[in-house]
Amino acid sequence: MSKIYGFNFYHFKCLSSTNDKAKEIAAQGKGNTIIVSEKQTKGRGRFGRKWNSDIGGVYMTIVLKGHDLDKVSYLTFAASISVAKSIIGMCSLDAEVKWPNDVIINNKKVCGILAEIMSNKENFALVGIGVNVNNSKFPAELKDKATSLKIQAGKTFDLQALTKRIAKEFSLIYRDYANKNYEKIIDLWKKYSHTLGKKVIAHTINGDFIGNAVGIDNECRLILRLGNGKIKKITEADIFIV
Ligand code: BTN
């Protein structure tokens with residue numbers, strides 16, 4: 001274990017999922033911790049999807065203690081902004097955040113965030129971050145959608161340095177979260193946003209909605225202006241630019 005930017009860092013060669021290990025840490029009542037693994041055998045994404053977790057990527061989960069469970073979406077935003085800023089700063093690539101939980105480069109996904117919550121005596125937020133860094137092979141079904149920093153930049157990157165940079169950027173934005181400065185996080189997210197101002201289709205469990213992405217509300221929902229002029233707030237969806 002080492003201590004970096006106020007977080008206890010635990011490094012593993014292989015885990016089922018850093019979010020699983022994070023749950024064990026939270027069950028022990030510990031917060032302020034970052035779990036990192038070189039690979040995962042059961043990396044998972046939103047909607048129970050598999051997250052490709054071969055060696056070469058960054059797989060990390062930030063364990064945070066004592067939280068308003070209804071503000072966890074802001075932590076997803078904080079994590080995606082941290083990754084985008086780190087990629088821009090370290091790799092000189094045009095990373096952008098895509099609602100709700102992705103970082104993309106040239107319209108392809110390079111990072112996904114999976115924030116989960118856990119409650120025992122206190123509330124915990126487990127913010128899982130997966131970045132495709134030096135990976136170059138993806139399953140056939142992801143070939144057109146996923147990318148990596150190596151594919152985009154034509155060179156490899158130091159995984160540890162990127163992990164630390166993400167932790168540093170996150171610790172800075174987390175101050176705003178801790179101070180309930182939620183508007184600042186939204187403003188920052190907007191600055192790096194790929195989604196706003198675009199016409200999108202939102203695939204939700206209640207059907208598809210097509211509209212212009214015109215804003216983010218104070219619950220981190222995506223605000224769409226539909227073709228009939230009505231406003232639709234999207235809580236959970238996959239978004240495609242049309
Ligand atoms: C998504 O895009 O659906 C979210 C993907 C999140 C993947 C990361 S990798 C580290 C952490 N551990 C997991 O099992 N998932 C998250």
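**Basis.** I worked from a predicted model, in which local features need pLDDT of at least 70 and side-chain atom pairs count only at pLDDT 80 or more, while totals for chains, interfaces and linings use all residues. Residues are numbered from 1 along each chain as its sequence is written, and side-chain values use heavy atoms, with hydrogens and water left out.

**Entry 1: the open sheet.** I looked up the strand order and found eight strands in an open sheet, β1-β2-β3-β4-β8-β7-β6-β5, with mixed pairing. I took strands (E, at least two residues) and helices (H or I, at least four) as DSSP runs, numbered from the N terminus; two strands pair if DSSP finds at least two bridges between them. From one strand to the next, the twist averages 25°. I then checked β4 (residues 58–65) against β8 (residues 123–131): they pair in the antiparallel sense over eight bridges, and T61 stands opposite G128 in β8. Helix α4 (residues 159–178) packs on this sheet, touching β1, β2 (7–15), β3 (33–40), β4 and β8, and its direction makes about 30° with that of β4. Contact here means heavy atoms within 4.5 Å; axes are lines fitted to C-alpha atoms, for helices over the stretch in contact, and angles run from 0 to 180 degrees between N-to-C directions.

**Entry 2: the ligand.** I found 20 residues surrounding the ligand, the closest being S17, Q40, R44, R46 and K109; the criterion is a heavy atom within 4 Å. A nitrogen atom of the ligand is 2.9 Å from a side-chain N or O atom of Q40. A backbone N or O atom of R46 lies 2.7 Å from a ligand oxygen atom. The protein covers 98% of the 420 Å² of accessible area that the ligand has on its own (Shrake-Rupley method, 1.4 Å probe).

**Entry 3: β9 and its partners.** I traced β9 (residues 199–204), which pairs with β10 (residues 207–216) in the antiparallel sense over six bridges. A hairpin joins the two through two residues. β9 also pairs with β13 (residues 238–241), antiparallel over four bridges, where the partner of V200 is I241.

Conventions
A polar contact is a pair of N or O atoms within 3.5 Å; within protein, one must be able to donate a hydrogen and the other to accept it, and residues adjacent in sequence count only if both atoms are side-chain atoms.
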